[in-house]
Amino acid sequence: MIRILLVDDHPVVRMGLRGMLDAEPDLTVIGEASDGAEGAELALRERPDIVLMDLRMPDADGVEATGRILAADRDIKVMVLTTYESDRDILRAIEAGASGYLLKDASPAELADAVRAAARGETVLAPSVASTLVRQVRSPAPPALSARETEVLKLVAAGHTNADIGKRLFISEATVKTHLLRVFNKLDVADRTAAVTTAMRHGLL
């Protein structure tokens with residue numbers, strides 16, 4: 001029998017999940033929690049096989065709760081079950097150690113099979129989530145700018161000349177040019193305008 005803990009701040013959702021899972025002969029819901037903090041506490045007390053974890057909840061979200069649980073007991077499998085599939089949500093959950101990431105539009109059969117797979121130690125991902133992760137892996141990571149380089153580029157974006165930037169930051173104009181050359185190199189661009197637009201595209205400004 002696979003023992004499951006439900007963590008979701010919506011009582012109706014928990015009720016529906018309990019009904020679906022308890023209908024399976026090899027699955028049983030052993031508890032419910034309405035927020036991340038309560039979920040982590042209950043998981044570490046009851047030691048379920050699987051925690052079905054919502055993401056966005058009060059008093060510690062699903063990612064924070066997942067981290068707390070797995071830091072204390074790596075044998076507990078945490079599977080995210082949420083309506084959200086943004087890149088940031090997915091990556092945060094996987095980085096926290098979640099064994100799977102499913103969306104709430106999964107069918108009862110898909111959910112039950114996913115719980116069984118997670119209990120066997122497999123990673124379970126909704127197709128759209130898997131596609132997002134593949135895209136993230138294939139896309140090069142955005143370049144990292146130093147705090148000073150970012151500061152200089154923000155002033156460039158605001159329309160300041162190198163001389164103006166030097167005065168504002170109390171550095172020489174030559175130093176400003178050096179910072180900009182490093183920025184150009186990191187962003188693989190040749191001029192100020194391209195540097196600003198590329199940095200904005202990568203979310204660096």
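Over how many bridges do strand 4 and strand 5 pair, and is the sense parallel or antiparallel? Strand 4 (residues 77-82) and strand 5 (residues 100-103) pair over four bridges, in the parallel sense.

## Ground rules

This is a predicted model, where local features need pLDDT of at least 70 and side-chain atom pairs count only at pLDDT 80 or more, while totals for chains, interfaces and linings use all residues. Residues are numbered from 1 along each chain as its sequence is written, and side-chain values use heavy atoms, with hydrogens and water left out.

Helices (H or I, at least four residues) and strands (E, at least two) are DSSP runs, numbered from the N terminus.

Six strands make an open sheet in the order 2-1-3-4-5-6, with parallel pairing. Two strands pair if DSSP finds at least two bridges between them. Strand 2 (27-33) and strand 6 (124-125) sit at the edges with a single partner strand each, so one side of each has no neighbour in the sheet.

Helix 3 (residues 62-72) touches strand 3 (50-53) and strand 4, and its direction makes about 165° with that of strand 3. Helix 5 (residues 108-119) touches strand 1 (2-7), strand 2, strand 3, strand 4, strand 5 and strand 6, at about 155° to the direction of strand 4. Contact here means heavy atoms within 4.5 Å; axes are lines fitted to C-alpha atoms, for helices over the stretch in contact, and angles run from 0 to 180 degrees between N-to-C directions.

## The annotated stretch

The UniProt record, an unreviewed entry, annotates residues 3-119 as "domain: Response regulatory". UniProt positions are given in the numbering used here, feature names are shortened, and such annotations may be inferred rather than shown by experiment. Over residues 3-119 the chain is 48% helix and 22% strand, with the end C-alpha atoms 9 Å apart.

## Helix against helix

Helix 2 (residues 36-46) packs with helix 3 at an angle of about 20°, with the axes 8 Å apart. The two are therefore roughly parallel, a label for angles under 35 degrees, with over 145 being roughly antiparallel, 65 to 115 roughly perpendicular and the rest oblique. On the helix 2 side, Gly36, Ala37, Gly39, Ala40, Ala43 and Leu44 meet Ala65, Arg68, Ile69 and Ala72 of helix 3. That contact divides into seven nonpolar, two polar and one charged residue. Ala, Val, Leu, Ile, Met, Phe, Trp, Tyr, Cys and Pro count as nonpolar, Asp, Glu, Lys and Arg as charged, and the others, Gly among them, as polar.

Helix 1 (residues 11-22) and helix 5 have axes that come within 10 Å and cross at roughly 75°, which means helix 1 is roughly perpendicular to helix 5. Leu17, Met20 and Leu21 of helix 1 touch Pro108, Leu111 and Val115 of helix 5, giving six nonpolar, no polar and no charged residues.

## Beyond the annotation

The axes of helix 7 (residues 147-157) and helix 8 (residues 162-169) come within 10 Å and cross at roughly 130°, so helix 7 is oblique to helix 8. Arg148, Glu151, Val152, Leu155 and Val156 of helix 7 meet Ile165, Arg168 and Leu169 of helix 8. By class, this contact has five nonpolar, no polar and three charged residues.
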